[in-house]
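Colleague: Could you walk me through this model? I would like one close look, with the cut-offs stated as you go.

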Amino acid sequence: MLSTCFLSFASRNSQLTGSLTLVSRHGEIQRPKPGTGVKLHFKDSKGNDIKTVEVNEGDDILSIAHEHDIDLEGACEGSVACSTCHVILPPEYYDLLPEPEDDENDMLDMAFGLTDTSRLGCQVKITKELDNMAVTLPAATRNMFVDGEGTSSH
Amino acid sequence: MRRSLVQSGPPMKLAVIGGGPSALYVTSRLLSLLKNEPNIRVHVYDRLWSPYGLVRYGVAPDHPEVKNCTHKFDETAKDPRFRFFGNIEVVPTPPFGSIPRLPSTRLGHAVQLPVSSILPYYTHLLLSTGCTLPTLHPTILPSALCIPALSLVHWYTSHPSNPPTPPLHQKPHVSIIGAGNVSLDVARILLTPPSLLSGYDLPRHVLEVLNRSTVKHVSILARRGPLEAAFTAKELREMMNIPGTSMKHIPSDLLAPPPDVKVTRQQSRILQLLQKGSKEKYGTTEKTWSVDFFRSPTQLSSAAGETKGDLPLTLTLSHTALDPTTHASVPTGITSQLHTSLVVTSLGFQADPSSTPFYDPQLRRFRTLPGGRVVENQDGRVIKNVYGSGWAAGGAKGVLASTMMDAYNVAETMVEDLVASDATDSVASPSSYIGVQNGGVERGEEDSEKRDILEIMNPSASLYSLPPEIASALPERKVVEFKDWKKVDGEEVKRGQESGKERERMGWEEVKDFLGLKPAWK
């Protein structure tokens, strides 16, 4: 039973983030009726699809990830005191968002794999114009360390 | 020797030494990775009576949001495969460390549990003992007027080690040696108007002392420049925004990076913050602070004849410069003197040799491979099914997010090894040793080859038995289990609400009475 569960572990570079489910906090946000919400595509660091979800305007990316069992941490629970919900957005969507505040930038400073279009998931509220946005989770720790520490682009 | 995980006994019965954030993040990830596996037990031992380690006894009281991570730990603790044993001090026994204990680190009321009693009862061991000792200054040693920052942190968090109350009356000038976030935490607590702190998780006795404090200026001494400072932008910004407090202007030549140096995003934001200065203008506030870069204290004297009443101490500061190749601070030969009332040393933390089995005196912690596998000191053998995580394995650095990522990495390695041992009964496939991480041990190519293995755990340990010391301490009510902690937690929050604050912490004596515990007096 155990071995079957963890076949994905046979390969060191398996998509850990995609295959695991963490304890999540369901029920904090409402899911829209199918066909009526804004579409978001969650992807892993290599660009592979994890899940496409439909969400309501006003929800933030961290809550959405938790609602849909996507492995995005929120250690401080959305109070901008950590960088665990770091996500990477496509430039054309990043530019649609208001600039990050100082406190968010302070935390992004410490995020692994920071890019020019990085945000904290808890601070990104969904609007209609973000429909079909890809949300990329940064490289997992493991890959960071195996590849060396210099993968961040800042 | 192939064994089936499901048929021939428990796949994993893990003892975790230490109940701080690293330990609990590893546990959380492990139980979630193995969520469909009933034959798993995780027993977390902590020498303190409460869980959460530095999240409870290190995070600054005015950073309550950082403590939200305990909600996740509490979820983990609901897993029936998890148990917490607080007030249990694991003591190294030969041949896993025979260094005599330092009396100052002992907690008299904790039950002593020798490592040798753990090994026969567990298939796996995780060492998450943290860095519990302050790194001291080589020449400026602790005294009544020179306090390690850790003592102050322990004081304002009511740590069970019970440090003395710092003398803050008639002390207008405090000098903090070191420029990291702990330095800024201490400076912020000393400078913030106590009325703004009263709603936080700050013990009543601490607030009373802060109310009587006469601290007017905090001088932060950094032996290198602003590009090398260890503090982060969030903490620096908080310093800039303390009401009624201002920062002394820093000469602009110190804030211009050398032309050939490419500054990181974080460095450039810190330079900008230092350039912009404090919200309130220097000279207009009652309280002030300064960062003195390129100043390395070399001597502390208390010649009463030379100095005046409130400033009885003199720090000799060596003016330093940065060696362009090594980035170390080197003395320029110039010195100056700083008159002060109280010195706080904030130079980092290190593992306690007497609480860390497999301690390597050269590394000042134990030796680990990537993924946290612990390696034996003498001949580099991998100790099968023994892992290390957090500060004890990687040194005292980083924020909660980095502790979490390290912990998840270790948990994933443990599961990989478990699956690999199911298939081949070996520790892991050789490919998993590639890379350099934890512990600063650069082994490179060497690690791509299979190492000899030392086996000290009991692969057929029963899921249900406990070390004899624990089995007898439980009915004697000497152990704090998680459900006990949650009772205390609820009571602390309730007592806090009564006086309009986050919580009112309980000390050991109160906890003992509240829970009806009987301490193991030694």
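Which residue forms a salt bridge with Lys128(A), and how far apart are the closest N and O atoms?

Modeller: Happy to. This is a predicted model, so local features need pLDDT of at least 70 and side-chain atom pairs count only at pLDDT 80 or more, while totals for chains, interfaces and linings use all residues. Residues are numbered from 1 along each chain as its sequence is written, chains are lettered from A and ligands numbered from 1 in the order written, and side-chain values use heavy atoms, without hydrogens or water.

Your first point: the partner of Lys128(A) is Glu57(A), with 3.3 Å between the closest N and O atoms. Glu57(A) sits in the loop between strand S2 (49-55) and helix H3 (61-67) of chain A, and Lys128(A) in the loop between strands S4 (118-120) and S5 (133-136), so the pair ties together parts that are 71 residues apart in sequence. A salt bridge here is a side-chain nitrogen of Lys or Arg within 4 Å of a carboxyl oxygen of Asp or Glu; the count over all chains is 38. Helices (H or I, at least four residues) and strands (E, at least two) are DSSP runs, numbered from the N terminus.

Let's take the sheets next, where two strands pair if DSSP finds at least two bridges between them. In chain B, an open, parallel sheet of six strands runs in the order S8-S16-S9-S10-S12-S11. Strands S8 (146-148) and S11 (245-247) of chain B have a single partner each, so one side of each is left without a neighbour in the sheet. From one strand to the next the twist averages 20°, with axes fitted to C-alpha atoms (for helices over the stretch in contact) and angles from 0 to 180 degrees between N-to-C directions. Within this sheet, S9 (173-177) and S16 (342-345) of chain B share four bridges, and Ile176(B) has Val344(B) as its partner. Helix H6 (181-191) of chain B packs on the sheet, touching S9, S10, S11 and S12 (contact: heavy atoms within 4.5 Å), and its direction makes about 175° with that of S10(B).

A second open sheet in chain B is antiparallel, in the order S13-S14-S15.
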